[in-house]
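Dear colleague,

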Amino acid sequence: MPSILNIAHMCSHLQNASKARLGLTSIPSNKYNLHLALALHRSGFFSSVYRAGPHPPTPEQMVAQVPEPVTNATVAKMRIWLGLKYWDGKPVLSKATVISKPSRQLTVDVQELARLTRGFPTKLKGGVVSGLGVGECMFVSTARGVLEVREALAKKVGGVLMCRVS
Amino acid sequence: MKSNCFARVSSRDVARGAQEQQWLARTPATPPTAESSTSHFHGAFLNWANRKKNLKGRVSVRGSVWFDSIAIANHLTRRIDLAQPFNPEPRLAMSVARPARSLLRTCVASARTAQTVGCQHQQQQQQHQHQFHTSAPRPSKRRSRFRNVKAEDLGLLNSPEKLAKYRQDKFADYTKEELEALKSKYTPEQIEAIKAGEEAIDPNDLIFQGRLRDDPYRPQYIEDYTVLDPRYDVKPELDGTPFEPQWLNPSDWADKYGSKLTDLTDKKTSEQLTRSMVRALRRVKESNGAELIDLTEEELVDLEKDPELLKKYLVEEDAEAKSDDESAILTKEQVMKLDKAIDEEWKKELSKISEGPDSGEGEPSNLELIEDGPAGTIRLHTAEAVELGKVPGVEGLYKSAADPEDEGQDDDGRYQEIKRLTGMSLRDIQSIYRKVLVQRWVTNQTRLGKVRSTSIVAIAGNGNGRLGLGIAKSTEAGLAAETAQLLAIRNMKPIRRYENRTIYGNAKAKVSGTVVELFARPPGFGLRCPHRIFEMCRASGIHDIAARMPRSKNPMNSVKAAYDALMNQVDPEEIAIGRGKKMVDVRKVYYGGNVY
């Protein structure tokens, strides 16, 4: 089980980056971050997800080239570069907060997931989690990868609640 | 001498500027050596270098170089005087009023030996810049980039031929061609005036004393002297002829008085009759005889105002009738009809006159009123002050604001401004729901005491999705409330409503320490929220909502925060566009959308 602390760092970094109106930002390259980034990309929060070295990749590079493979020599330098989106002068991703903490993992089963998705606050083992609001997304780490709650519900899998993004 | 002489200066001086620059190159203006220089002189040297740089940059641009080069020359000569062997004592003695800082600096400098001056030049420079406070030093007094050029410097004082040439250059007399050109434009009187004006000013005065004013008090207007300005112009003498008083005996006086009154009455009666005749004509023209009466509407109006004008029209008509009486012949029937109509109106007018003086006809004529008035000829030689007249700026401001569309609802004009701004009718404006939500009594502590006023926060809403917030303050509570409400109407903006009954999702806003959280609720939930938010929801047409104020409940901030929260709801459309995803409202999907 990877540490949820990575996700906490990623969430706060994304909030900071969108407040600074950055177009491209990077997070440490690890599997947990990458999977969450891809799930966020699926939900339309990012324009691009690309793995590259310490220097930001050009748009042409991101479109044309496959990310270079990670080797033992380069693994420490690798970053995940995320293209942030803005619409109408406002960031598409403006808020990202972590739900589970290392000291309090919150797991949901399918029934609880269904309640949360319909917007009801739900009492879990670790505490009460408020339901989804308008335009909000929640991400769950499941046995089938990091999924958005609606995807997880469609696949009928539960897991660890990671973060909520809006 | 011509009035546009100043415009020519700059174009001519380009060549002269080049000459002056050569002169500058010939002067022994070698930069002083470091050994002999004090910190002052070092500054001068820097100045010199900078100025020279500036000069180079500007040579090709305009004639202004000329002024600058002279300034530099002056500057240099002054500075070279200072470059004598440095002796601090006399300078210290000379300037008692020197500030403490520079006194201290001079003392420090005097403590050094003559040998160390050269090697410690750098340090001195630093000391020179050292300040006793942290803020940036004030720049030295700002001077114009262009110095005045004295006539002495131009060599005009000593050589008369130079002066004559300069005068011919700058302030030449009019040539014959120019005079001809003037004659084609101006009347002889005007040309005479121009000539007199030219003669009144000696060109030498302009050369020696004239300057282009650049001070802040220079007049900002172009004066053509058509209007007397009491600040500068002498009031002209009125040329009224004094008359000899006639001391009549009582019988003569009575005769004269009687005849005067009879004349006045005759004149007044004839004018009355003319006026009523004109009115009758006008009425006939309006009703049927438009093409039969020659006088136009405007002419008739003029006639009614001033019956004297009738003579003019009568003469013209006669002349016209003689010239083309063939074309202007009316049929007999037409004439009869017209006569009859005019007769009727005329009779009506006469009966009106006979009714009495209070029908408006017995009043004195305008002319009499003017003659008798404070500015009239009768008062010409009195000690009474003349009438001041109306201030042009307030003319027309005291109109009654009544608008016939308002049906007498707004005679004091309170709603006229907002009617103009919103384009709504008075009825619509008055139908808007308004309410004062917050009232505060505030004081402004002045040195004269406390000034108490009332601060009002009001809302306005049309009950169908529009809400406005108005804040006003006044010493009059009623006025503040009214102003706040009108402001609220003006500020009305549409707010988003989900299904025209609640809000989109949950909204939250914070003003100061007050946080307002609003929650969308299902149909029939009602307005379960604090009373001010309740009023706002009622005004804006929200029917289902829950609200919470977890922190401060300050009335004013809670209203502001609730307004912010209502204005900043999430917009699913925008979210969908931003993420590139389709968003579906499930309430409209399940049960075929029949959720009610």
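In chain A, strand S10 (residues 137-142) pairs with strand S11 (residues 145-148) in the antiparallel sense over 4 bridges; pairing requires that DSSP find at least two bridges between two strands. Strands (E, at least two residues) and helices (H or I, at least four) are DSSP runs, numbered from the N terminus. The two strands S10(A) and S11(A) form a hairpin with 2 residues between them, and A:Thr142 stands opposite A:Gly145 in S11(A). S10(A) is also joined by 6 bridges to strand S12 (residues 159-165) of chain A, in an antiparallel arrangement, where A:Met138 stands opposite A:Arg164. Of the 6 residues in S10(A), 5 are buried. A residue is termed buried if 20 or more other C-beta atoms lie within 10 Å of its own, exposed if 12 or fewer, and partly exposed in between, with C-beta atoms placed from the backbone.

Please note that this is a predicted model, in which local features need pLDDT of at least 70 and side-chain atom pairs count only at pLDDT 80 or more, while totals for chains, interfaces and linings use all residues. Residues are numbered from 1 along each chain as its sequence is written, and chains are lettered from A and ligands numbered from 1 in the order in which they are written.

Chain B contains 22 helices and 8 strands. Buried residues account for 13% of its 596 residues.

Within chain B, strands S1 (433-446) and S2 (449-461) run antiparallel and are joined by 13 bridges. S1(B) and S2(B) form a hairpin with 2 residues between them, and the bridge partner of B:Val442 is B:Ser453 in S2(B). S2(B) pairs in turn with S3(B), in the antiparallel sense, over 8 bridges. The hairpin of S2(B) and S3(B) has 4 residues between the strands, and B:Gly463 in the turn has a positive phi of about 70 degrees.

Helix H21 (residues 555-567) of chain B has buried residues that include B:Val559, B:Tyr563 and B:Leu566. The buried residues of H21(B) pack against several elements of chain B, among them S1, S2, S3 and helix H20 (531-540).

Finally, the contact between the chains takes 12 residues from chain B and 10 residues from chain A, two residues being in contact if their C-beta atoms, placed from the backbone, lie within 7 Å. On the side of chain B that touches chain A, the residues divide into 5 nonpolar, 4 polar and 3 charged. Here Ala, Val, Leu, Ile, Met, Phe, Trp, Tyr, Cys and Pro count as nonpolar, Asp, Glu, Lys and Arg as charged, and the others, Gly among them, as polar.

Yours sincerely
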